[in-house]
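Trainee: I've got the model open and want to go through some of the aromatic residues and a helix contact. Can you walk me through them?

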Amino acid sequence: MDPVGSKDLAFRKICTERFISSICYCLLQQYFLVTIFLLFINFSILHPINWIIGTVRLLVSFYPWLASVPLAVAVTIHGIVLAKTCLLETRYHPTYFIQLYHSFIQRSVLLFTNGTIGCLSAWLYTRFLRDEYRLLLLPSDQGEFLVLNDRFVYLIMSGMFGGCYFSLHGQFNPGAVDFPIILLPKAVQYWSSVRRVFSEALRKSAICMFIYMSFYYTFSFLFRHKIAAFLGGARLQESSTVYSFCSTVMDVRLLMFTWLFSVLILSNMNLMHVLFRIFLTVPQQFRIETSAFLSNDEPLLADALAYKQIPIVQQLAAEDLFSVAETQSSGRRKQVFALTIPGGHPNNWRKVYDVCLKLIGDFTHDLDLSIGGIEPKPAPPMVLLGGVLRPTASLDKERFLMKQYNQNFGIRSLSTPSLATSNGNLDSLGKVASEGQKTETKPSSLLVTMKRIPGYNYLFVESKSAKSYYLLSVQAQLIVKVTQSLVAIASRSLEEDTYGVLQNDLPCIVHTLLELKKVVDKIGVINLDVKKVDRNYIALKGAVKKSLYRFTTAFGPYIKHLVIEPEDKKALQAFINFREV
């Protein structure tokens, strides 16, 4: 007996190993960013050798490692939060308000951890600056009492603000991890991302710095007094908020440090997401054979494809199935076509086949239902060319104005006969209608008033195309891989399937692909803005047509001998004759 919990544990173990590796490399990344910061602030063009030796000596000393312990703890906690986010099942939320409600706690925790990392990163970097930027309290000019260091507060708050700002503007979506088309080594992926991330950070940090300046000027009078009161006998350097802000902003070195902190904090957060993406997309080989003599510790490929609780596991299984179908080596494909021992049944193929058809069928059914209520695209304009009447915008406008004119002046169209009624009947009908309107206007007027509020429909009303956007953006890539893999395995079965385990399933594969094609073609007819999901829609449409072309190319001489429905044979003729565009 194989309980469900064992499968869940096996899949979570796969993800946990990747999460631990990602967090470890995120910790090493902090020392890489500290190295960049030290090289920048200790730069000396006149003494380059002393500059490099002094930086390396400071890095290998015990103090940087000890000072980075709080930041390492915060990065570890943030990595655990990201890992839990990756383990969440993606669900459809009909309205934006429900989506915000269900993700409020998750977003709040991520905002808190990002702000903490930004604050602790700024605190770590200030440990290597001069006392006027490093200490929280400074002695007064007379040396009689301690004053609050506004520069230190400005830098620490800039780190916290930068962490929160960049967290709100760049949320990590683990359910939509993009797998690379060409798999590169981890180091190559990371260093190529480093150049891109730093170039973006240099630009975005300047905008963040100016936004933070306005934020600090607006709210500095609150937390400056609060911090001074919390520290007891500390006093403010300048009691005037305006003068304190001007003296802070006029410090060019302080502004340079603020910009550098923002660059490093933004790069740190983005590179953490890059590391998670690199380790989450590492190929995973699942077990294909279902033999009684093999150990059941490793999860099956079919079970991973059907596992929806963790989206990344299903995507890894789809990538593994695609590699099995498209690789030149036929070693693992032979396991798909092999018969079980004992028994001699095609259980390996049957499990993969059933799961793939169920995924494609469920997606086709859900997508067809989601586009059912969407209006078709308006008819094209009409113009008279060569004796053929075709629609034009001016003709439609003229008809609309004529209809509006007739309604305003009570002109009845002769083509629509009306029923002759007496004055008494009209009066009675008017009274009944007025009484019914009085009872219905009270609740309906409140609803109409609420709908007139700006943003009400966006937050509380489900769009007709919301489910379609969700399916195309979340599940389309999975269906693309599964569709191409299924047809690739079927096409290669002509040479590699020695037992003929696929012959009886070919008509079902064709029928499923044609049903999916019908639904995908409907999207081009209805009034759906595919620009929001342009890449996924085009990829899905191209994958379905490519799969059908590949099937007809491989099985073209044998289609007459396959038990295929007449409608499906008729639909395949366009692919057989290479006329489907």
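Trainee: Which residues form one aromatic cluster?
Mentor: Tyr-154, Phe-161, Tyr-165, Phe-166, Tyr-212, Phe-215 and Tyr-216. Rings of Phe, Tyr and Trp (its six-membered ring) pair if their centres lie within 6.5 Å; planes under 30 degrees apart are stacked, over 60 edge-to-face, and the rest tilted. This is a predicted model, in which local features need pLDDT of at least 70 and side-chain atom pairs pLDDT 80 or more, while totals for chains, interfaces and linings use all residues. Residues are numbered from 1 along each chain as its sequence is written, and side-chain values use heavy atoms, without hydrogens and water.

Trainee: How many aromatic pairs does the structure hold?
Mentor: There are 26. One of them joins Tyr-125 and Phe-261, tilted, at 5.5 Å centre to centre with 45 degrees between the planes. Tyr-125 is in helix α6 (residues 104-126) and Phe-261 in helix α11, so the pair ties together parts 136 residues apart in sequence. Helices here are DSSP runs (H or I, at least four residues), numbered from the N terminus.

Trainee: Is Phe-261 buried or exposed?
Mentor: Buried, with a relative accessible area of 0%. Buried means under 20%, exposed over 50%, and partly exposed in between, with a 1.4 Å probe and protein chains only. Tyr-125 is buried too, at 2%.

Trainee: New topic. How do the axes of α8 and α11 cross?
Mentor: At roughly 30 degrees, coming within 9 Å; α8 covers residues 150-169 and α11 residues 252-280. Axes are lines fitted to C-alpha atoms, for helices over the stretch in contact, with angles from 0 to 180 degrees between N-to-C directions.

How values were computed:
Helix = DSSP H or I, 4+ residues; strand = E, 2+ residues; numbered from the N terminus.
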